[in-house]
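The sequence and the model are shown below.

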Amino acid sequence: MADLSIDFCGIKSPNPFWLASAPPTDKAYNVVRAFEAGWGGVVWKTLGEDPPAVNVSSRYSALHGKNREVIGFNNIELITDRSLEINLREITAVKKAWPDRAMVVSMMLPCEEAPWRDILPLVEPTGADGIELNFGCPHGMPERGMGAAVGQQPDLIELVTRWCKMYTRLPVMVKLTPNITDVRAPARAALAGGADAVSLINTINSITHLDLDRMVAYPIVGGASTHGGYCGTAVKPIALNMVAEIARDPVTRGLPISGIGGIGNWRDAAEFIALGAGSVQVCTAAMLHGFRIVEEMKDGLSRWMDSKGYENIAAFSRKAVPNTTDWKYLDMNYQVIAHIDQDKCIGCGRCHVACEDTSHQAVARLVEGNARRYEIIDAECVGCNLCEITCPVEGCITMVPQQTGKPYMNWTQDARNPRAEVALDEV
Amino acid sequence: MIESLQHLPPATATHAALADRFTDLAPSLTARQAAIESARCLYCYDAPCTRACPTGIDVASFIRNIHDQNVTGAAIGILKQNIFGGACSRVCPTEILCEDACVRNNVLEAQPVKIGLLQRHAIDNAHFDTHPFQRAPATGKTVAVVGAGPAGLACAHRLAMLGHDVVVFEAREKSGGLNEYGIAKYKLPGDFAQREVDFLLSIGGIEVRHGHILGVNLQLQDLHTRYDAVFLGIGLGASRRLGLTGEDAPGLSAAVDYISTLRQAQDLAALPVPRRAIVIGAGNTAIDMAVQLKRLGADEVTLVYRRGVEAMSATGHEIEIAKQNFVHMRTWAAPLEVLLDAAGRVRGMRFEETRMEAGRLAGTGAIVEIAADAVFKAIGQTMGKSGDGGSLDDPLARELERDAGSDKIHVDSFFRTALPGVYAGGDCVAPGQDLTVQAVQHGKMAALAIHGDIQSISSTSFAAGA
């Protein structure tokens, strides 16, 4: 079996699956259950200055799919609502009982040097393996000048990271907010401040849905609501992109990344790792199904690694990064055309109406008595993938690469580009 | 109606106990089940289920509405095409129509979306403050409809929507036709048929006159003269005869007569119930009959058919119901003789075994006797001949052109008979199958034809149907 263990900026863990800083890592009881279930590590829910935060009721809401599966999850909880002393005591006890697991402590303090200088020395004696700076929480805390309010200002990120590096010997991981235009800026700032790693993404500002009778969004507190932080399956594509942006940025390339955002199974984890993550953090999936999911995640990941001949995580880590590039470097001469496997086609007509109404009129509907046959009009197909996406039968529509006989040519070399960097005769 | 069975003992169970056996055969979906099932619909384009529905219900659309928690919108989408959408959701053989066509019925899944149950969910849970369809401005025309069954009432409802007034003439005490009198009680239980008729009539502009029998106290000639158009939705009035001696003996009756009596019975315990019974036939009526006898307490019910199971017109679903109710099936046996006891009452039947020989059904000479206190014929119905109380005792109706090779009224593709101004639909005409949903479509299409024809008469000088 493949070796799932990792060494993430000096933090060792028997597998790359960590629980993210959130309700599942709120206290010893939960964390012990997580370790019993097999999680490789946890990021203990965010510690702050006393007195601890006070939470409201209710706190969560969700976007459901057709079968009430949770697509996206939203919360308005604040950082820990327990005292610093209790948290530190529990962290110490749990780490002592589970020495092989990664114990990272999430922290959020005001943008002043004193609190960091005072509290960081209290964390180190717990035996924790590292700290994570919560610069991402998008709800509640930013109104008090913390969380995403810091994460949205690269100069503050650099400043606080520098203090942390000054007052603790533990690895410092900076958790980034996605509520920003270009995630590379805060990542570069963290690196400049001396961060050992970044973790991303924190949650995205969100309102999931409304009670249309009461005319108020969820979660409802009294008669009102507020925006929360969005996570779960729905945010995975956003998180993957941000991880890739940092992984392939010349400035931050090589900076360890702990990937977070909609990871619910081994395949999600493998994707984050292939795009540059060295560990992955999970929250929503565990909140919906319990800690036991790690069992299938570990089993699936190691079996897939075995099937591919990857002996350890490093063997496929960042493997998809070189294949993630700017649009302008894509091959303009590459061409795929849809193909419908008539033996698999069930005749639902979705490919036809999708292409006919919204794309390139490249799926013909042939009426044969009471039957219908759908066929690709090769000359009209631009290879957009829409039919393949809307087809309900897996493997029925495939996108077939065409032999164009033309060499690789990107937009910077393309004669149709008025700003082409290469003259036509050079291509 | 079943005088020939009066010598049989009444049911042994109480009315309440029997009534429990005639509640809904198939349970309805819960809201949660409907949510899950509706999520399975792929919202096909040019959907095969809609093409398979005789009334052309936009199935994908109503299912999407159910899923989006717009149940009333879903119901209106159904009723727009089929005003008997409630009855049809219960009696339609969906396994040979929409659900057979469902793309999820492909080899890999073999599990169609439960369209029938979803349709029922929509109709049963819709909420209407008023009738959901509005009448067009009055045209001043009045159309006569003969027969208040699915065809006649569907026609009347559509005509009323189009702004015409309608007078419906019905022979029996209640409206609804086969929905009221002919469907197995456990498929349309309670007063469902009457509530559906009431809903349909609430559009206004439709007057139903009961006790009017074509050829007896109602003349087509009169209607033709007095109304702007006439629609005949008279069904099939006469049960086919076996053509055997003893056919009129006590103990032998038509399945449709017994079912009608059963459906109208105030006291199920008072019904005559044979201990052993034979049902002859292979259609859904034969199954309905056999299963209902079992539920009334008959010990042995044998369904006898002269061909094999594969040739039965009853659907696989119906045959399954018969099996679940412990109905015996005796195939490859043709009726030979009704056996009578000393008092001249049915004591059983003699059959000759059959087989296929060179593609034709032939007797083998082997004889089978089955003992029974009662025999029920479910071998189909016909228009009937003049003088036997059938549908066409009326002199003008009798003259209507019939289809070659059958006695059904000949109509064109717009449900016009050979007589201009007279239209017909439902079981008394040939197109399609003898299904409620087919009758509804006939009535609806005939109404559209009538509307076009009588409007053009008033706006131009062209004769209708010319």
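Is the crossing of α5(A) and α6(A) left-handed or right-handed? The crossing of these two helices is right-handed, a term used where the near helix is turned clockwise from the far one by less than a right angle.

This is a predicted model, in which local features need pLDDT of at least 70 and side-chain atom pairs count only at pLDDT 80 or more, while totals for chains, interfaces and linings use all residues. Residues are numbered from 1 along each chain as its sequence is written, and chains are lettered from A and ligands numbered from 1 in the order in which they are written.

Helix α5 (residues 154-167) of chain A packs against helix α6 (residues 184-193) of chain A at an angle of about 30°, with the axes 7 Å apart. The two are therefore roughly parallel (angles under 35 degrees). Among the residues of α5(A) that meet α6(A) are I157(A), L159(A) and K165(A); contact requires C-beta atoms, placed from the backbone, within 7 Å.

In chain B, the domain assignment, automatic or from a database, gives three entries, as tabulated.

| Domain of chain B | Residues |
|---|---|
| domain 1 | 31-125 |
| domain 2 | 142-237 + 382-459 |
| domain 3 | 241-379 |

The centres of domain 1 and domain 2 of chain B, taken over C-alpha atoms, are separated by 27 Å. Their contact takes 11 residues from domain 1 and 18 residues from domain 2.

Between the chains, the contact takes 13 residues from chain A and 11 residues from chain B. On the side of chain A, helix α11 (residues 350-358) gives the most, with 3 residues.

Note on methods: Axes fitted to C-alpha atoms, helices over the stretch in contact; angles between N-to-C directions. Helix = DSSP H or I, 4+ residues; strand = E, 2+ residues; numbered from the N terminus. Parallel < 35°, antiparallel > 145°, perpendicular 65-115°, else oblique. Contact = placed C-beta atoms within 7 Å.
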